Amino acid sequence: MEDDNFEVPIKCLFCGVVLRGPEDAKHESGDLIECQECGEGNDFYSVIDVAKEDATNIVKEKLDKTLEKTIGNLFK
Ligand SMILES: [Zn+2]
């Protein structure tokens, strides 16, 4: 893949808003990431897990498009 630059939003587990920590924040395992919207503490591992799933879906979509293109080219 040439353009494998994509951003995976880290989302609040409670309200679904994209979490934005302070610029200099360093999150470590076991930390709670406080949501700026609802104020709930998000478990570090849980948000990473959800983000991984999102990332997997993004990659799958890209793959689908690439394959469609490839197959399309076969029948030109
Ligand atoms: Zn929230």
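Hi everyone, this chain has one helix and two strands, where helices (H or I, at least four residues) and strands (E, at least two) are DSSP runs numbered from the N terminus. Going along the sequence, the order is β-β-α.

A word on where this comes from. It is a predicted model, so local features need pLDDT of at least 70, side-chain atom pairs count only at pLDDT 80 or more, and totals for chains, interfaces and linings use all residues. Residues are numbered from 1 along each chain as its sequence is written.

On confidence, pLDDT is the predictor's own confidence in each residue, from 0 to 100. The chain averages 85, with 82% of its residues at 70 or more. The lowest mean is 89, in β1, and the highest is 93, in α1.

Now the helix. α1 covers residues 44–74, and its end C-alpha atoms are 45 Å apart, which agrees with the 45 Å that 31 residues should span; the expected span is 1.5 Å times one less than the number of residues.

How many of the residues of α1 are buried? The count is zero out of 31. Buried here means 20 or more other C-beta atoms within 10 Å of a residue's own, exposed means 12 or fewer, and partly exposed is in between, with C-beta atoms placed from the backbone. Over the 76 residues of the chain, 5% count as buried.

Last stop, G16, in the segment before β1 (32–34). G16 is exposed because it has 12 other C-beta atoms within 10 Å. Its C-alpha atom lies 9.4 Å from that of E37, 21 residues apart along the chain.

Thanks, everyone!
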